[in-house]
Amino acid sequence: MKRGLLGLLIAALALLPPLGKPYVLHVVIVVLINVVYAQALYVIMRMGYLSFGHAGYIALGGYTSALLATKLAITPWIGFLAGGIVAGVFAWALGAVTLKLRGIYFSLSVFAFAEVVNAAFRAFEVFGGPAGIAGVPRPALLGTRLNTHLQFYYVVLAVALVSLFFLYRLQWTRFGFTLLALRTRETERLAESLGINAARYKTLAFVVSCFFCGLMGAVHVHYLRFVSPFVFTFFLSNDLMIYVMVGGLGSYWGPMLGAVLLTGLGEQLFAAGYYKSLVYAVVLLVVILALPGGLISLPRILRRGGARERVLPVAADVAAARER
Amino acid sequence: MDVYLHLIAQGLAIGLLTGVLYVLIALGLTLIYGILHIVNFAHGEIYMLGAMGVFYCYVVFKLPFAATLVVILLLSLLLGLGVERAFFRSLRGQWLQLVVASVGLSLIIQSLGWIAFGIQEKNVPSFFTGVVAFGGVRLPTERLIAAAVGVVLVALLYALVYRTKVGLAMRAIEEDEETARMLGIDADRVAALACAVGFALAALAGAFVAPIYSLNPGMGLEAILMSFLIIIVGGLGSITGTVLAGLLVGVLQSVGGVLLGAEAAYGLVFIVMIVVLVVRPAGLLGKA
């Protein structure tokens, strides 16, 4: 049943777009991009870590690919991958230093890192300074540049589906379960007593999370054909965190739900400027205070004791303080 | 060469004066962290509100300077109590939810700020004019007074934490909350007090920088970034560490800014943070 629905959804995503208007297509592209960001962030939030700076890694991926394409004329297909790898390498460097410490050190240093990355992009002429890099080319396939919304939509869809499938499978591997075991201080100690190198697992999880952010960041920049220090800011990092929390930490589908609903809503509020962050923040606070499991927990609350779902046992207790 | 030395001396002095104001913001964060074990993301917004408060009370409504400070102090204390009661208390012990809630709060205050105050930068005329010269180093009276007020507030905070019964309760909760509660300490009230005092420190810091910078609702972000770097370098929860790190970061940013440019100075401060994390992970004076 579930599998059928999923198949139907993917088929719809693959077949319906030629019928859609460009604007609708644009919204779907933005939603897909945000879903991958949110799902990538979920990898580390699932192990009880919070990042205020994922936009920094998205920007690293985007800038890498944009620079490769504009300065060295390297095809974006390689640029996408390079973007992911560069983001991953930077994530490894910071994670190796900070993930041994308590969660809050990590959260704060990632935030600081993202701001420094942003400052660097603004400061140096190589990166285009405050004006950024314009004229980032779309990739070409079989001799045609994918310049229309529809053509590029399929690039985004392909990258998104591959990323989401990988991130989904990852949860049910030994690696994925180990990450879940690291989510509180007590269980982390327990895992370490069983010979698990917690710091290495956490660092690797952070690298995976940032790799997919960098990858999608590169795709994002080639979609916009432009990047500047003002595209991927602190507000994006915040939005991603809000998607995950509003959707719910308890299941893989939570962050996705949050990203789809809020991105859709955000697109409607786009013209309203600051009202978008206001609405997001209010939704966030209401959900945190009134519905700790996020929107995804709503059906289960409504029909308590209903059919069992394959849900990870995280929900409320992810919260159990890493601190103490 | 002489010119450089002079520039560095000037940068050093300005850095120390700025550092004192950073210390004020960061101390509030440290205080709240000690009790609630979260970093309050909305802290930068309180600083912004303090500065905006000066603009509206002192410039628009033409209140006397002292009255302006009193209004800001009272409002920020109330806001601290209210935020603790409305958000932090019901999320006690849920680290992730608490931090994310503070992020949400920060977003709400900031976007309301943009909507209410507009995007036009605001300027506040100097409270005090004139320049004081020490040898070749010339410092605006304005900054000297702001720094002096900062030093007094830091001293008051020390007195509160180390010389009063409430301070003892704060330190007890930080040491071991369960035991503290068993001994009859009302942890919720102490947390509310810590929030109120922390908010007041941030708002006052904002009030004193108001004439120094152009004001806009986004100004909290830079302040909170610096404060985060400071509490990491100083050691989370350590008051003396925060003071030292605040002065250090102020000097680094100012001297670095003179020699390398503002953006590079950010990078410099960040590198110092990374070095501290590698060499002394708990911060300069933090407990491991």
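Reader: Which residue takes a positive phi just after helix 9 of chain A?
Author: Arg225(A) does, with a phi of about 60°. The model is predicted: local features need pLDDT of at least 70, side-chain atom pairs count only at pLDDT 80 or more, and totals for chains, interfaces and linings use all residues. Residues are numbered from 1 along each chain as its sequence is written, while chains are lettered from A and ligands numbered from 1 in the order in which they are written.

Reader: What makes a stretch a helix or a strand?
Author: Both are DSSP runs numbered from the N terminus: a helix is H or I over at least four residues, and a strand is E over at least two. On that basis chain A has 13 helices and four strands. Helix 9 of chain A covers residues 198-224, 27 residues in number.

Reader: What is the span of helix 9 of chain A set against?
Author: The expected span of a helix is 1.5 Å times one less than its number of residues. Helix 9 of chain A reaches 39 Å from its first C-alpha to its last, close to the 39 Å expected.

Reader: Why is helix 9 of chain A called mostly covered?
Author: A residue is buried if 20 or more other C-beta atoms lie within 10 Å of its own, exposed if 12 or fewer, and partly exposed in between, with C-beta atoms placed from the backbone. In helix 9 of chain A, 22 of the 27 residues are buried. Over chain A, 50% of the 324 residues count as buried.

Reader: How do you know that the radius of gyration of chain A agrees with a compact globule?
Author: The radius is taken over C-alpha atoms, and the globule rule is 2.2 Å times the number of residues to the power 0.38. For 324 residues a compact globule would have a value near 20 Å, and chain A has 19 Å, which agrees. Along the principal axes, the C-alpha atoms of chain A fill a box of roughly 55 × 45 × 40 Å.

Reader: What makes chain B as compact as a globular protein of its length?
Author: Chain B has 11 helices and two strands. Its radius of gyration is 19 Å, close to the 19 Å that the rule gives for 288 residues, so chain B is as compact as a globular protein of that length. Of those 288 residues, 52% count as buried.

Reader: Which residues does Met52(B) contact, beyond its neighbours within four places in sequence?
Author: Two residues are in contact if their C-beta atoms, placed from the backbone, lie within 7 Å. With those sequence neighbours left aside, Met52(B) is in contact with Phe117(B) and Leu215(B). On the same terms Ala172(B) touches Ala180(B) and Ile185(B).

Reader: Why is helix 10 of chain B called largely enclosed?
Author: Of its 22 residues, 16 are buried, so helix 10 of chain B is largely enclosed by the rest of the structure. This helix covers residues 239-260 and reaches 30 Å, close to the 32 Å expected. Just after helix 10 of chain B, Gly261(B) takes a positive phi of about 105°.

Reader: How do you know that strand 1 and strand 2 of chain B pair?
Author: Strands pair if DSSP finds at least two bridges between them. Strand 1 (residues 131-134) and strand 2 (residues 137-140) of chain B have four bridges, in the antiparallel sense.

Reader: What makes a set of residues a nonpolar core?
Author: Its members are buried Ala, Val, Leu, Ile, Met, Phe, Trp, Tyr and Cys residues joined through C-beta atoms within 7 Å. The largest such core has 204 residues, and Val156(A) and Leu229(B) have the most contacts inside it. Helix 8 (residues 187-209) of chain B gives the largest share of this core, 18 residues. Among the residues that Leu229(B) touches is Ala112(A).

Reader: How many residues of chain A are in contact with chain B?
Author: There are 39, facing 35 residues of chain B. Helix 5 of chain A gives the most to the side of chain A that touches chain B, with 12 residues.
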